Amino acid sequence: MRAIGAASAALLGAAALALTAPTAAAVDSFVITPSTVAPGGRVTLSAPGCSGTAMASSGVFDTVTIPAGGSAVATVDWDARRGAVYTVSFTCAGGAPGTAQLTIARAPTTSSTAVPTVTRTATVIATPSGVRGGLGGSVGGWNAGELVAGTALVVAAATGVVYVMRRRAENRRH
């Protein structure tokens with residue numbers, strides 16, 4: 001009886017892993033130029049491996065639509081953390097998703113032999129603006145792979161609960 005339980009648990013775990021692993025057909029040719037940029041700078045995004053349009057999104061710029069066979073320009077937010085590496089998520093229309101890394105340049109260093117400069121101060125009046133919330137998860141359509149993986153995980157969890165509850169009931173009968 002224990003061998004059957006262990007085998008079914010191993011089978012469920014292998015199925016969950018296989019369903020959530022990235023597909024072999026994933027597009028691995030997503031390009032960010034330059035790969036290191038200062039806050040407020042611009043990057044060019046392209047997805048040459050996508051047969052149709054693609055979407056690119058990150059925590060440091062708004063979602064961008066990349067035309068088929070072309071490229072798009074995105075402006076990095078001014079408040080991007082210097083020295084941080086951000087993940088840019090790409091999604092091909094009808095294709096597999098992928099990611100690439102974007103590094104934010106560190107602050108320029110000053111040497112000890114630098115000539116002192118006179119600085120002027122200015123008063124900046126900030127005008128309130130809305131929250132940059134973006135579109136979140138509302139962009140794109142249904143992803144069949146994610147739906148199947150989620151369903152498999154829910155079924156595996158429910159099966160595990162039923163198994164444990166039946167074992168507890170059997171142990172109390174003796």
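Proline 34 is found in the loop between S1 and strand S2 (36–37), where helices (H or I, at least four residues) and strands (E, at least two) are DSSP runs numbered from the N terminus. A cis peptide bond, with omega of about -10°, joins threonine 33 to proline 34. The model is a predicted one, in which local features need pLDDT of at least 70 and side-chain atom pairs count only at pLDDT 80 or more, while totals for chains, interfaces and linings use all residues. Residues are numbered from 1 along each chain as its sequence is written, and side-chain values use heavy atoms, with hydrogens and water left out.

The protein has two helices and eight strands. From the N terminus on, these elements follow the order α-β-β-β-β-β-β-β-β-α. Of the 174 residues in the protein, 21% are buried (under 20% relative accessible area; exposed means over 50%, and partly exposed in between, with a 1.4 Å probe and protein chains only).

Confidence is given by pLDDT, the predictor's value for each residue, from 0 to 100. The mean pLDDT of the protein is 75, and 63% of its residues reach 70 or more. Where pLDDT is low, the predicted coordinates should not be read in detail.

Three strands form an open sheet in the order S1-S3-S6, with antiparallel pairing (two strands pair if DSSP finds at least two bridges between them). Strand S1 (31–33) and strand S6 (71–75) stand at the edges with a single partner strand each, so one side of each is left without a neighbour in the sheet. Neighbouring strands of this sheet are turned by 25° against each other on average, direction ignored; axes are lines fitted to C-alpha atoms, for helices over the stretch in contact, and angles run from 0 to 180 degrees between N-to-C directions. S1 and S3 run antiparallel and are joined by three bridges. Threonine 33 stands opposite threonine 44 in S3. The pairing of S3 with S6 is antiparallel over five bridges. Here threonine 44 stands opposite valine 73 in S6, and arginine 42 has threonine 75 of S6 as its bridge partner. In a regular strand the side chains alternate between the two faces of the sheet.

Alanine 72 is placed in strand S6. With a relative accessible area of 11%, alanine 72 is buried. Leaving aside neighbours within four places in sequence, alanine 72 is in contact with Val43, Thr44, Leu45, Val64, Thr65 and Ile66. Alanine 72 and threonine 44 are 28 residues apart in sequence, and their C-alpha atoms are 5.7 Å apart in space.

A search of the whole structure finds one aromatic pair. Rings of Phe, Tyr and Trp (its six-membered ring) pair if their centres lie within 6.5 Å; planes under 30 degrees apart count as stacked, over 60 as edge-to-face and the rest as tilted. The pair consists of phenylalanine 30 and phenylalanine 90 and is stacked, at 4.6 Å centre to centre with 10° between the planes. Phenylalanine 30 lies in the loop between H1 and S1 and phenylalanine 90 in strand S7 (residues 85–92), so the pair ties together parts that are 60 residues apart in sequence. Phenylalanine 30 is buried at a relative accessible area of 11%, and phenylalanine 90 is buried at 0% relative accessibility.

Glycine 49 is located in the loop between S3 and strand S4 (54–58). With a relative accessible area of 39%, glycine 49 is partly exposed. Glycine 49 and alanine 68 are 19 residues apart in sequence and 9.3 Å apart in space, C-alpha to C-alpha.

Note on methods
Contact means heavy atoms within 4.5 Å.
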